[in-house]
Amino acid sequence: ENFFLTLPYHSEPEYVLRLLLKRTYPHVDRRWRPRIFAVLKKWAVTYPGDFKSRTKLLKDLLDQAREITDLTNTEIKTHNRESERLLRTLNSSLEAMKKSSSVSMSFIMWPKFLSNAEIYDTHTPNLLTTDSEAKRVAEEMTLLAQRRLQSLSGRDFINKGYSKTRRNQMFISEHNARWIATTVLVRGDIDVCVQMANRWLLVAKECYDVNNFNSLFEIMGGLQQTPVLRLLKSHPNLNEKLLQEMKSVVSMNSNYKAYRKILVEQKGRACVPYFGVLLRDMLCYEEAKPRIKSKFKDGTVWVNIKKCERMGQLVSDALLFKGNRYTFRSDPKLLETIENTMRSARDENSLYDLSYKMKPRGH
């Protein structure tokens, strides 16, 4: 599993494909043949994208393996039958991949900063109007976070450096943090801002209780943005106790020790881990260990398989939570409100402008 998961990182699919089919040559024990077909089928079903431009190559190599191998008539029939099954499986997987990639993602799953964001401020008063709504908002955010987790595959993370997927996930988390900050700052009055911040802390606690750590980190990231923090600091109405409790969970101290300890205890339960820590771990491990152990004059290389296994394990551990679903029911009206308020998210400079209107610089 980890070998194919990390394949784009340490090798080329075409090279591995040729190497696998070499095992069907005459000098190889024929007992390996069904195992090779099983491996190829598993590969084609799990990662059909590796064969996107190599379907003809696979067919040619299968035909070549049949021609150069000393097979009986019965074995030739078996080889042809297994080859046809493999190619049908591959084509079916490629069609499924094509359909899934053509589905457009809604704004709520793929947010971006809008140039006319302020026109959506009218929706903000409809969100978290009372403390009692915190649980419903937390459940809706948890379902959204789970959809985001379900949309990811292990391969999305197995690319060297800041891959497209990594940049996208970091951007979405950044947008959501600034959305939280915006919903606080557009209130226009410091006392009302603190009240809204306290309600977001209640949502954060509810997310913590249902193991939605990704939304928890994003909420706390929004409340700890400087434009917000300068208003909340030392305010008598701020729920300082709850703020400190949630800050201790998302603390970066000792490489997120507190969060990691809690996450380990959630195995087998519905949970959405924080994507940021996973991305950080992947990048650190890439930089710490060499990808290639040895390179020879003839061009042969020895791949650091232990590193690939470790990277694969990091991703696999995080994506294990995809198998455990939440049983909450989505509220379409609340979902629409959340989506509309997300459109009001401001960039950093705009957040400072909102903050300075209520509390001028230097005060």
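**Close-up views of a predicted model**

**View 1. Helix H15 and its buried residues.** In this predicted model, the buried residues of H15 are Lys307, Cys308, Met311, Gly312, Leu314, Val315, Ala318 and Leu319. They sit on the same side of H15, because the arc they cover around the axis is only 150°.

**View 2. A salt bridge between two loops, Asp121 with Arg346.** Here you can look at one of the ten salt bridges in the structure. The closest N and O atoms of Asp121 and Arg346 are 2.6 Å apart. This pair links distant parts of the chain, 225 residues apart: Asp121 is in the loop between helix H6 (73–102) and helix H7 (134–150), and Arg346 is in the loop between helix H16 (332–342) and helix H17 (348–358). Arg346 has a relative accessible area of 10%, so this residue is buried.

**View 3. A buried pair, Glu218 with Arg148.** The side chains of Glu218 and Arg148 form a salt bridge, with an N to O distance of 2.9 Å. Glu218 belongs to helix H10 (residues 213–223) and Arg148 to helix H7, so far as sequence goes 70 residues apart. Both partners, Glu218 and Arg148, are buried.

**View 4. Helix H13 meets helix H14 through Arg260 and Asp281.** In this salt bridge, N to O is 2.8 Å between the side chains of Arg260 and Asp281. Because Arg260 lies in helix H13 (residues 253–264) and Asp281 in helix H14 (residues 275–288), the pair ties together parts that are 21 residues apart in sequence.

**View 5. The largest nonpolar core and the surroundings of Trp43.** The largest nonpolar core contains 94 residues. Trp43, Trp179, Trp200, Val203, Leu216 and Ile219 have the most contacts inside this core. Helix H9 (residues 190–209) gives the most to the core, with nine residues. Leaving aside residues up to four places away in sequence, Trp43 touches Phe4, Leu7, Pro13, Val16, Leu17, Leu20, Pro48, Asp50, Phe51 and Arg155.

Methods: Residues are numbered from 1 along each chain as its sequence is written. This is a predicted model: local features need pLDDT of at least 70, side-chain atom pairs count only at pLDDT 80 or more; totals for chains, interfaces and linings use all residues. Side-chain values use heavy atoms; hydrogens and water are left out. Buried means under 20% relative accessible area, exposed over 50%, partly exposed in between (1.4 Å probe, protein chains only). Helices (H or I, at least four residues) and strands (E, at least two) are DSSP runs, numbered from the N terminus. The arc is that of the directions from the helix axis to the C-beta atoms. A salt bridge is a side-chain nitrogen of Lys or Arg within 4 Å of a carboxyl oxygen of Asp or Glu. A nonpolar core is a set of buried Ala, Val, Leu, Ile, Met, Phe, Trp, Tyr and Cys residues joined through side-chain atoms within 4.5 Å. Contact means heavy atoms within 4.5 Å.
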